Amino acid sequence: MEINQGGVKINEEGVGRKNGIKVNKERVKGNKDGIKDGKYGTKTSREEVKINKESIQTGEDRTKADKNLKADRSLKADKNLKADRSLKADRNLEEDPGFELLKKVIKESTGFNCEQYKEAHFKRRVNVRVRATNSESYEEYLRLLKKNSAEHEYLIKVLTINVSEFFRNPETFGVIEKEVIPFLIKSRSDSLVKSIRIWSAGCATGEEVYSLAILLHRVLGRDLDSYRISITGTDIDNLSLEKARKGAYHENVLKNVGASTKESYFVRQGEMYHVSDQLKSMIRFKHHDMISESCTNRFDLIICRNVMIYFKKEIQEQLQLNFHHSLNRGGFFVIGKAETLLGTASNRFKPYNARERLYIKET
Ligand SMILES: C[S@@+](CC[C@H](N)C(=O)[O-])C[C@H]1O[C@@H](n2cnc3c(N)ncnc32)[C@H](O)[C@@H]1O
């Protein structure tokens, strides 16, 4: 009786299941052979016991499957609910009049000049924090921003997007090493004071600046002492500058650094690579907002990559003119691979290597 029940159960449950089908076949085989040989009958019983076990197992499986299905459904429902809510929140944010007020407060409290950034980019970045704090409107986020000073830092972090790496776009650094630096060295050969001044604007956590220092050190070799080298890295984000000054990096931002360079210019401590003091002594990091602060120095090489892209076009053009002004004649200007010179600025510079976005100031 039980066996039959078990068998039936298996058949019911076993629609399309190999086990169910196999079990039935065994039973048929067992009965046939069992007429000839009692052993087979016994075997059949064993098979049937097995069937029972399997049916029990199938029953457990079904409970498990049911549970999984329920969990799956509730997970899906959760996801849909969340997606729904975030869609609704997105729609709310789109129409939220609190955005203008938020911009004003951000400018006042963090000094971050929101108006100069592309609106879509700026909104996307702010929304990252609005969602992360579960705020349902800009006004709600504003209230949180006012009472939570840590949120200021998080906000600045997402607004400034400070990702970088050593020798980012290695081909560009190849041209700087093989052509730009040798050119600058040669043009100083007759000068009494052989000075080379470099500015990395929007240097984030310092990788770009240290990369340039490595190249200068490598190209000049023993002559380094005969030159007065100054490399300045500037950024609007103080936390990034702190990290830059510390000069400790995880391996993943050193993927373009060869083993011998690592050995010469870094000290490894566990997972971290610390920039050598020798490199640090060539560099200084400074807070500077390229939009609202001017620059009175003159440089031989200015590198400003992957920063201007976030600004409105008219701001980009103005900045490019400012950088032109801050360069010595014959100085080099490098921008990001996704950036272009705009308007009047594009006439002031002569392309040196257009592919690597390297320009030269002729007049
Ligand atoms: C994506 S990172 C670029 C880092 C590096 N130049 C590179 O290409 O790897 C952009 C940096 O620009 C900085 N930045 C944004 N607005 C700025 C401003 N107004 N003045 C100075 N730096 C700014 C950000 O803080 C961020 O560290």
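Tyr 273 in strand E5 is the bridge partner of Arg 268. The model is predicted. Strand E5 covers residues 272-275 and is joined to E4 by 4 bridges. The two strands run antiparallel.

This pairing belongs to an open sheet of 3 strands. The strand order is E3-E5-E4, and the pairing is antiparallel. Strand E3 (248-250) and strand E4 (266-269) stand at the edges. Each has a single partner strand, so one side of each is left without a neighbour in the sheet. Neighbouring strands of the sheet are turned by 30 degrees against each other on average, direction ignored. In general, strands of a sheet pair through backbone hydrogen bonds.

Helix H5 was examined next. H5 spans residues 119-132 and has 14 residues. From its first C-alpha to its last, the helix reaches 20 Å. This is close to the 20 Å expected at 1.5 Å a residue.

The buried residues of H5 are Phe 122, Val 126, Asn 127 and Val 130. Seen down the axis of H5, these buried residues fall within an arc of 130 degrees, so they line one face of the helix. An α-helix has 3.6 residues a turn, so residues three or four places apart point the same way. The face of H5 turned away from the buried side carries exposed residues, Ala 120 and Arg 124. Just after H5, Asn 134 takes a positive phi of about 60 degrees.

Key: Residues numbered from 1 in each chain as written. Predicted model: local features only at pLDDT ≥ 70, side-chain atom pairs only at ≥ 80, totals over all residues. Expected span 1.5 Å × (residues − 1). Buried ≥ 20, exposed ≤ 12 C-beta atoms within 10 Å, placed from the backbone. Arc of directions from axis to C-beta. Pairing = 2+ DSSP bridges. Axes fitted to C-alpha atoms, helices over the stretch in contact; angles between N-to-C directions.
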